[in-house]
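Have a look at this one with me.

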Amino acid sequence: MTLRTAAEYRAGLSDRRNVFYQGERVKDVVGHPELALAVDHSALCFSIAEDRPDLAVRSTFETGDYSAFYHLPGTSEDLSARGRLIEEVSRRGAGTIVLKEVGSDAVFGLLRTVRGAGLEAARAFHRRCLDEDLALAVAQSDVKGHRALGPSEQDDPDLYLRIVASDTDSITVRGAKTHTSFSANADEIVVLPTRAMGPGDAAYAVSFAVPVDTPGLSLYVSPHLSGEPDDFSRPLSSTHKLLESLTVFDDVRVPRDRVFLDGDPTLAGPVAIGFVDYHRFTAINYKLPLIDLIVGAAHLVAEANGITRAGHVRDKLARLSAWAATVRGLAELSALKAREGEHGVWMPDPLLVNTAKYTFAHGYSEASATLVDLAGGLLATGPGGRDWANPEIRPVLEKYYAGAVPGEQRLRILGLVADLTASAYGGYQSVLATHAEGSLEAEKLQIARAHDTGPAIDYARTVAGV
Ligand SMILES: Cc1cc2nc3c(=O)[nH]c(=O)nc-3n(C[C@H](O)[C@H](O)[C@H](O)COP(=O)(O)OP(=O)(O)OC[C@H]3O[C@@H](n4cnc5c(N)ncnc54)[C@H](O)[C@@H]3O)c2cc1C
């Protein structure tokens, strides 16, 4: 067992995967000028093993070295270590999720929740992740059609992914998943059910893993973050990119030894939530560097504008600090209060994880608005990298855009703030904060489920004398 290098990861993406981008079939994801940016971003989860083996590499006598992302949490300290690894790799990725986090979340969730042959398949798959150092995308969100209708109630039966045929060796699936991050630059895709299901939904209760170049699988990648890189006015999005796809399964055949859930609707909910418990823990840890960037950028831009002493600015900076400290504190506590789940797999405290994620997401819009407020209108009207590169224009910009700091410094800080708030990337981060790893409402649902309010109610009853 050996860990792959970033170069080996890149080489592994050259296969027959069926990827579409900007209306065209992509022959080579790694060689594509825009998609390569996403490959480079994801490669960080391989390169971190080279210079931070203390965080990113684990080893046992039986297995030899393997990627720490796939280390099955068996203690609270394992989860704390996982949190530190996710935070560090995200720090290298400018506060955005990198890749191996998401697939390992899915594998842990499966190992806790599936049964029988599915559990055997999940254990064998986990072993392959260790042996082959795989990078996995997770396709959980179905396209879902009419939101008030369940899977089997939709007019078109393919709006949730379903099993359309089954034999002793395989199942065949049809339908589509959406928002699938990393699908175009991962080795394999893990499919999970998106919700709890009733007895009529058996065909939709399905989970499995397939290589990305499996026949019948097509990825339609969103162009949302496309554009010419400009590292002067867009320091984040010019070097970091994620890919999300509409992921279509057109009668894809899945061998049985890759099937984790095969038509048991009673397990659809537990499998869906099993993933979510880990994935929100990943979320709150990979958001920490993004929060640091927001807090740091707010201080820098206030200084550049010469407003740090104003009372309203101090108030806004303190509120940002309180938000940052709350999310970090809850993230750390959720690992410290971890507990043993089924099959000996430990899980972070779901009440604290969901409260951290909700606190992050709910506070994000205020944090972003604070940045815009402190920075001023240049976020929308300032110059770009081509202006800065022109020797005739640069002196004009340096003279007239100086603030409490020289013009170049101020413009570069404003570029960072604009990329966080006013660019396509800023908009993407705002949607990511609200919906990715589950919507605000999904988090509230889990908070309500996980909070044992009985003792509080009994206490209030006693004090009220009722
Ligand atoms: C950048 C990004 C990356 C993502 N990456 C992945 C990924 O890698 N894999 C993956 O599987 N998913 C991924 N997601 C999907 C993410 O988990 C979903 O966006 C999220 O679960 C919300 O689902 P939705 O987008 O379909 O919105 P909807 O579910 O349509 O939500 C829209 C609104 O409708 C409400 N709503 C929905 N259904 C109901 C109902 N029945 N009753 C009442 N209200 C309802 C919601 O609360 C919300 O307010 C990603 C999302 C984003 C934005």
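Predicted model: local features only at pLDDT ≥ 70, side-chain atom pairs only at ≥ 80, totals over all residues.

Residues are numbered from 1 along each chain as its sequence is written, and side-chain values use heavy atoms, with hydrogens and water left out.

Q: How do you know where the HpaB/PvcC/4-BUDH N-terminal domain lies?
A: An unreviewed UniProt entry lists residues 5-261 for it. UniProt positions follow the numbering used here, feature names are shortened, and annotations may be inferred rather than shown by experiment. Over that range the chain is 29% helix and 25% strand, with the end C-alpha atoms 32 Å apart. Helices (H or I, at least four residues) and strands (E, at least two) are DSSP runs, numbered from the N terminus.

Q: What span is expected of helix α6, and what does the helix reach?
A: The expected span is 1.5 Å times one less than the number of residues. For α6 (residues 116-132), with 17 residues, that gives 24 Å, and the helix reaches 24 Å from its first C-alpha to its last. Asp-133 follows α6 and has a positive phi, near 50°.

Q: Which residues of α6 are called buried?
A: Among them are Gly-118, Leu-119, Phe-125 and Leu-130. Buried means under 20% relative accessible area, exposed means over 50%, and partly exposed is in between (1.4 Å probe, protein chains only). The cover over the buried residues of α6 includes α5 (100-113), β4 (64-67) and β9 (206-211).

Q: Why is the pair Asp-158 and Arg-162 called a salt bridge?
A: The rule asks for a side-chain nitrogen of Lys or Arg within 4 Å of a carboxyl oxygen of Asp or Glu. Here N and O are 2.8 Å apart, so the pair qualifies. Arg-162 counts as buried at 18% relative accessibility, whereas Asp-158, at 21%, is partly exposed.

Q: What makes Asp-458 and Arg-461 a salt bridge, and where do they sit?
A: Their N to O distance is 3.5 Å, so this pair also meets the rule. They are three residues apart in helix α16 (residues 454-464), about one helical turn. Asp-458 is partly exposed at 42%, and Arg-461 is partly exposed at 43%. Elsewhere, salt bridges with shared partners join Glu-87, Arg-91, Asp-292, Arg-328 and Glu-332 into one network.

Q: What makes a set of residues a nonpolar core?
A: Its members are buried Ala, Val, Leu, Ile, Met, Phe, Trp, Tyr and Cys residues joined through side-chain atoms within 4.5 Å. The largest such core has 128 residues, of which Val-173, Val-190 and Phe-208 touch the most other members. Helix α7 (residues 268-305) gives the most to this core, with 17 residues. A second, separate core of 10 residues includes Leu-79, Phe-281, Leu-330 and Leu-352.

Q: Why is Gln-154 called buried?
A: Its relative accessible area is 8%, so Gln-154 falls under the cut-off for buried. Gln-154 is placed in the loop between β5 and β6 (162-166). Leaving out residues up to four places away in sequence, Gln-154 touches Lys-144, Gly-145, His-146, Leu-149, Leu-159 and Tyr-160, where contact means heavy atoms within 4.5 Å.
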